[in-house]
Amino acid sequence: MGIEGTVRERLVDAGVELVLSEGSGSVGLREIARRAGVSHGAPRRYFPTHRALLSAIARRGFEELGARSATAAATAATPREELAALARVYVAYALERRGMFELMFRHDLLDSGEQHGAAGGPRLREATLPMFERVVELVARCRGEATEPSAAVTAAALWANLHGIAQLWSWRSLQLALGDSPASPDAPGAPDRLVEAALDAHLGSATA
């Protein structure tokens, strides 16, 4: 990696650190530059817009989530097990990396379909869509049907359900609704149990 690539990575590293510690709303070019140890004008050389910088940071999040998902899915014996593993990783990542998770799906803030960073660099869309497409494929295999269109609708509904679980749990809304149940893995209101309930609701019970 050349000097320019190294500086760019330092800027993204600083952005990731800032998002995780203070949230996506705190990410500004000047603060990124300060944390990266470069001049305040340096980020503009690599990220011509604020959206470009946020997109590069969000891509790091998708790479990390993708790696965790691949590891979790590697031992799954059936499509249902793989889908459950991916769902648990998704919710766990959201709760552990709240600032990053919050940023990753704000496509209203990101250059999802535009080139960003180095010339000819990958688009953020190329990191986000395969994840959903894999869920559609797994839903279809679980239900024994073609992937379009009903499997895509079910996959989207399941995704929204999982996202809601993650968000409402992080806000402690679900804990309140469920009587502040303990957060042990076996508690009725624990995130993993809620994930299983979501899968059952959209796919039918695994034991049926």
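This is a predicted model: local features need pLDDT of at least 70, side-chain atom pairs count only at pLDDT 80 or more; totals for chains, interfaces and linings use all residues.
Helix 2 itself takes in residues 29-36. Its buried residues are Leu29, Ile32, Ala33 and Ala36. These four sit on the same side of helix 2, because the arc they cover around the axis is only 100°.

Next, the packing of helix 4 against helix 7. Two packed helices are described by the angle between their axes and the distance between the axes. For helix 4 (residues 50-73) and helix 7, the axes come within 9 Å and cross at roughly 35°. The crossing is left-handed. On the helix 4 side, Arg59, Phe62 and Leu65 make the contact, and helix 7 brings in Ala127, Thr128 and Met131. Sorted by type, the residues of this contact come out as 4 nonpolar, 1 polar and 1 charged.

Phe62 also turns up in an aromatic cluster, together with Tyr90, Phe101, Phe105, Phe132 and Trp159. Across the whole structure, a search turns up 6 aromatic pairs. One of them joins Phe132 and Trp159, whose rings are 5.6 Å apart centre to centre, with 40° between the planes, making the pair tilted. Phe132 belongs to helix 7 (residues 125-143) and Trp159 to helix 8 (residues 150-170), so this pair ties together parts that are 27 residues apart in sequence. As for solvent, Phe132 has 23% relative accessibility and so counts as partly exposed. Trp159, at 36% relative accessibility, counts as partly exposed too.

Helix 8 also holds Thr154. What about its accessibility? Thr154 comes in at 11%, and because the cut-off for buried is under 20%, Thr154 counts as buried. Setting aside neighbours within four places in sequence, the contacts of Thr154 are Val139, Arg143, His202 and Leu203. Val139 and Arg143 fall within the residue range of helix 7, so here, as with Phe132 and Trp159, helix 8 meets helix 7.

Conventions:
Residues are numbered from 1 along each chain as its sequence is written. Side-chain values use heavy atoms; hydrogens and water are left out. Rings of Phe, Tyr and Trp (its six-membered ring) pair if their centres lie within 6.5 Å; planes under 30 degrees apart count as stacked, over 60 as edge-to-face and the rest as tilted. Helices (H or I, at least four residues) and strands (E, at least two) are DSSP runs, numbered from the N terminus. Buried means under 20% relative accessible area, exposed over 50%, partly exposed in between (1.4 Å probe, protein chains only). Axes are lines fitted to C-alpha atoms, for helices over the stretch in contact, and angles run from 0 to 180 degrees between N-to-C directions. A crossing is left-handed if the near helix is turned anticlockwise from the far one by less than a right angle, and right-handed if clockwise. Contact means heavy atoms within 4.5 Å. Ala, Val, Leu, Ile, Met, Phe, Trp, Tyr, Cys and Pro count as nonpolar, Asp, Glu, Lys and Arg as charged, and the others, Gly among them, as polar. The arc is that of the directions from the helix axis to the C-beta atoms.
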